[in-house]
Every structure is written in structure tokens, then in C-alpha cells.
Amino acid sequence: MTLETTSHREVTVNLESGLHMVPCSRIAEHVRDFAGTVCIMVEDRSVDAKSIFDLLTLRAPLGTVLTIEAVGPNSDDLVQGLAALFERNFEPE
Amino acid sequence: MKLAEFVIEDAIITDLTANSKEEAIRAMVQSLCSAGRFATENEDNIVAAIMKREELGSTGIGRGIAVPHTKHPSVDSLVATIAIAKEGVEFQSLDGEDVYILFLLISPPDRPGDHLRGLESISRHLKNDDFCSFLRQSKTATDVMELLREADEDRL
């Protein structure tokens, strides 16, 4: 049985244009099949990372620090994968 | 950022018919050009820039909605238009469905913040089923602008 866990991670937006539609699409695609919930938070706002519409409302320019929170099976792996996307500026591996 | 501040009423198309993504985008860009938002000589270049952006991934983001966009030096502030396609347009959307509502944005290259605020505003309202439904039923540009103002004032 896979245990449901909660994982957090802070990431920084390093894109000159901020978190625009391409990175938002990549995030939604990355978390789509995760059997749990994933939120991305900034200040007092929290959005569902599975929804591109929600992600686009983050309005996160260059330098914004976001917190990722995943709840579900292997949440650590999911969060690490998302953080890696941010670290390589959403470029393919 | 309020929708009515950057959507150009004279460029709204409430009866778009297009056989392809490029046709839809071209019609919207032409409409913004006819509304005087940039010189005709920039039209092809803007269409090409938007189509190039589509190669990175379709801006058909699901729920029958597409938000094609680009940055372009021919505009000095964020401008947008809306098209409603009653028959739908094949847009290679993320969910594979046709699109019925299109928001096309052009922003100045040196104003990434405005682009993000515009996207935020559009997405926030497009999450509202009533907004989408009323938009699809709009028959004139005046109807659309009235709806945008109601949305901007949280009256929906």
C-alpha cells in the first residue's frame, strides 16, 4: 500500500517573462496524473496546479517565490519533479 | 486589470467562422488592425509571431477556450480582442476539443507584467461558467463589452 504523504517545497520563478502560459501548461501537464492534490501558493493565494486556468491567475513575475504543496501517494517525488521544472526554467531535460 | 481596459470594442468578432487556427488568428489580428491598433504593414508579422508561439504548445487551454498571444513592438500597451465562433474552430487544444471563445492578446515586449495581469484577468473570468455562457450568447460587440464591464465589477 502506498502511503499518502504531504510535501512542501519553495521554488522561485526565474523566467524573464514570469510564469506565463507555457510554464503554466508544463506544470498542469506534469501534475495531471498525480492521484492527489497539488496546490501552488503565493502570499495569501492558493491555486490548483492541475488547472491551467487557476495557474494563470497566479500572476507571478520574475523573482516570485512560490510554495508547492502536494498531498497524495509519493508526494515527495511529485514535488521534486515540479521543482526540477522550475530549476531548469521549464526547458526539456 | 479590468477586461474593458484592454479589450478593443471595435475589434470584437461575434460571428467568427474559420476553417483553421491560422484563419481564426488572422481574422482577429485584421480586426485589431482595422480598429487602428497598429499599422497594416505589421499584420503579417503579428500573425506569424502568434503562430510561432502556438508551436510551443497550443493556447487552446480547454473548456472551448483559446488565448492566442504574442509580444510585439507595434503596440505600446496591452491590446486584446475577443472572437466567438458558434461553429467552433479546430485549435489543437490541450483537451482535443474545438474552441468557441478566443481572446487574442498583443503586448509590448518590455511590459511582461501587463501581459501577466491581462492573462490573470482573462483566466479568472473564464473560470466562471456563467461568464463563458453569456459570452457565447453575445450577438454584438456592445453585448460583449457590457458583459466585460459586469464581470469587471463582479456583477455576474
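Predicted model: local features only at pLDDT ≥ 70, side-chain atom pairs only at ≥ 80, totals over all residues.
Two packed helices are described by the angle between their axes and the distance between the axes. Start in chain A, with helix α1 (residues 21-31) and helix α3 (residues 75-87), whose axes come within 10 Å and cross at roughly 160°. An angle over 145 degrees counts as roughly antiparallel, so α1(A) is roughly antiparallel to α3(A). The crossing of these two helices is right-handed. On the α1(A) side, the residues in contact are Arg26(A), Ile27(A), His30(A) and Val31(A); on the α3(A) side they are Leu78(A), Gly81(A), Leu82(A), Leu85(A) and Phe86(A). Sorted by class, this contact holds 6 nonpolar, 2 polar and 1 charged residues.

Now turn to chain B, where helix α5 (residues 129-137) and α6(B) have axes that come within 9 Å and cross at roughly 165°. The pair α5(B) and α6(B) is therefore roughly antiparallel, and the crossing is right-handed. Phe131(B), Phe134(B) and Leu135(B) come from α5(B), while Val144(B), Leu147(B), Leu148(B) and Ala151(B) come from α6(B). The contact of α5(B) with α6(B) has 7 nonpolar residues, no polar and no charged ones.

In soluble globular proteins, nonpolar side chains tend to be buried together. Here the largest nonpolar core has 56 residues, and Leu19(A) and Phe103(B) have the most contacts inside it. Helix α3(A) gives the most to this core, with 6 residues. What does Leu19(A) touch, leaving aside residues up to four places away in sequence? Its contacts in chain A are Val13(A), Cys24(A), Ile27(A), Leu58(A), Ala60(A), Leu66(A), Phe86(A) and Phe90(A), and Leu116(B) is also touched. Of these, Ile27(A) and Phe86(A) also take part in the contact of α1(A) with α3(A). A second, separate core has 26 residues, among them Ala18(B), Val29(B), Val47(B) and Val79(B).

Asn89(A) lies in the segment after α3 of chain A. The phi of Asn89(A) is near 55°, a positive value in a residue other than glycine. In chain B, Asp154(B) is found in the segment after α6 (141-152). Asp154(B) is not a glycine either, yet has a positive phi of about 55°. With a relative accessible area of 63%, Asp154(B) is exposed.

Key
Residues numbered from 1 in each chain as written. Chains lettered and ligands numbered in written order. Heavy atoms only, no water. Axes fitted to C-alpha atoms, helices over the stretch in contact; angles between N-to-C directions. Helix = DSSP H or I, 4+ residues; strand = E, 2+ residues; numbered from the N terminus. Parallel < 35°, antiparallel > 145°, perpendicular 65-115°, else oblique. Left-handed = near helix turned anticlockwise from the far one by under 90°. Contact = heavy atoms within 4.5 Å. Nonpolar A, V, L, I, M, F, W, Y, C, P; charged D, E, K, R; others polar. Core = buried A, V, L, I, M, F, W, Y, C linked by side-chain atoms within 4.5 Å. Buried < 20%, exposed > 50% of the residue type's maximum accessible area, 1.4 Å probe, protein only.
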